[in-house]
Amino acid sequence: MSILEIVAAALAIVLLTGLRIAQEYERGVVFRLGRYASLRGPGLYWIIPLGIERAVTIDIRTRTVSAEQQETITRDSVTVKLNAVLWYRITDAAKSVICVADAPAAVYQLALTSLRNSIGQHDLDEVLQERDKINGLLRANIAESTGAWGVEVERFEMKDVELPVAMQEVMAMQAQAIREKR
């Protein structure tokens, strides 16, 4: 083998290392020498190898996150435990990489904080009776912040509201007293 053939083979291998594949539900955010260059994919695309360009692959499918149980206090000082579910998707892959360090974690933390803050602004009766209204307010509140990150919040819903046992007993006694009064 001649030196020319070796150099040609090495050059071909280096060029092939720049090939990338993005699935239909993925986008490649390409940085050239540390600066945002372009958005690539889906399908086969090529980046300049040897560290000149770097690609970050982002999944743009809808994600479902089940929020861990939150214990919070309503406006009328009742402690409740809440479970919630969040549905979101990345609409602008470049923003989700450039504007926030870890978009999924940031959206999750924002959702939990918004849930606790929102419940603190409502009475227990409102939390139990007007879940749809509160869910809509929560979704709008979260979406307001995540839009700048290239993330769209599709839905946010409280699944379950647990009352303290003492509160459940008091409510049961109150209902029993109303039935006996009739």
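**Figure 1. A salt bridge between Arg 32 and Glu 53.** In this predicted model, a salt bridge joins Arg 32 to Glu 53, and their closest N and O atoms are 2.4 Å apart. The two partners come from distant parts of the chain, since Arg 32 belongs to strand β2 (residues 26–32) and Glu 53 to strand β5 (residues 53–59), 21 residues apart. Arg 32 is partly exposed, with a relative accessible area of 40%, whereas Glu 53, with a relative accessible area of 6%, is buried. The pair also belongs to a network of salt bridges that links Arg 32, Arg 40 and Glu 53. In the structure as a whole there are 9 salt bridges.

Figure 2. As for accessibility, Glu 152 is partly exposed, with a relative accessible area of 34%. Arg 89 is partly exposed at 28%, and Glu 154 is likewise partly exposed at 28%.

**Figure 3. The aromatic pair of Phe 31 and Tyr 36.** A search of the whole structure finds 1 aromatic pair. The ring centres of Phe 31 and Tyr 36 are 6.4 Å apart and the ring planes stand at 75 degrees, so the pair is edge-to-face; the cut-off behind this name is an angle over 60 degrees. Phe 31 counts as buried because its relative accessibility is 9%, a value under the 20% limit for buried residues, while Tyr 36, at 40% relative accessibility, counts as partly exposed.

Figure 4. Tyr 36 lies in strand β3 (residues 35–40). When its neighbours within four places in sequence are left aside, Tyr 36 is in contact with Val 29, Val 30, Phe 31, Ala 94 and Ile 98. Tyr 36 can also be compared with Val 97, which is 61 residues apart from it in sequence but 9.8 Å apart in space, taken from C-alpha to C-alpha.

**Figure 5. Two arginines placed over aromatic rings.** The charged end of Arg 61 sits over the ring of Tyr 25, at a distance of 3.7 Å from the ring centre. In a second example, the charged end of Arg 155 sits over the ring of Trp 87, and the distance to the ring centre is 5.5 Å.

**Figure 6. Helix α5 and its buried face.** Helix α5 (residues 131–146) contains 16 residues, and it reaches 22 Å from its first C-alpha to its last, close to the 22 Å expected at 1.5 Å a residue. Its buried residues are Ile 134, Asn 135, Leu 138, Ile 142 and Thr 146. Seen down the axis of α5, these buried residues fall within an arc of 100 degrees, so they line one face of the helix. An α-helix has 3.6 residues a turn, so residues three or four places apart point the same way. The face of α5 turned away from the buried side carries the exposed residues Asp 132 and Glu 144. On the buried side, the residues of α5 pack against α3 (103–119), α4 (124–129) and β8 (151–162).

**Figure 7. Helix α3 and its packing partners.** The 17 residues of α3 should span 24 Å at 1.5 Å a residue, which agrees with its end C-alpha atoms being 24 Å apart. Among the buried residues of α3 are Ala 103, Val 107, Leu 110, Leu 115 and Ile 119. The buried residues of α3 pack against β6 (63–73), β7, α2 (93–98), α4, α5 and β8.

**Figure 8. Asn 83 and its contacts.** Asn 83 lies in strand β7, and at 18% relative accessibility it counts as buried. Not counting residues up to four places away in sequence, Asn 83 touches Gln 69, Glu 157, Met 158, Lys 159 and Asp 160.

Conventions: Residues numbered from 1 in each chain as written. Predicted model: local features only at pLDDT ≥ 70, side-chain atom pairs only at ≥ 80, totals over all residues. Heavy atoms only, no water. Phe/Tyr/Trp six-rings, centres within 6.5 Å; stacked < 30°, edge-to-face > 60°. Buried < 20%, exposed > 50% of the residue type's maximum accessible area, 1.4 Å probe, protein only. Lys NZ or Arg CZ within 6 Å of the ring centre and 35° of its normal. Helix = DSSP H or I, 4+ residues; strand = E, 2+ residues; numbered from the N terminus. Expected span 1.5 Å × (residues − 1). Arc of directions from axis to C-beta. Contact = heavy atoms within 4.5 Å. Salt bridge = Lys/Arg side-chain N within 4 Å of Asp/Glu carboxyl O.
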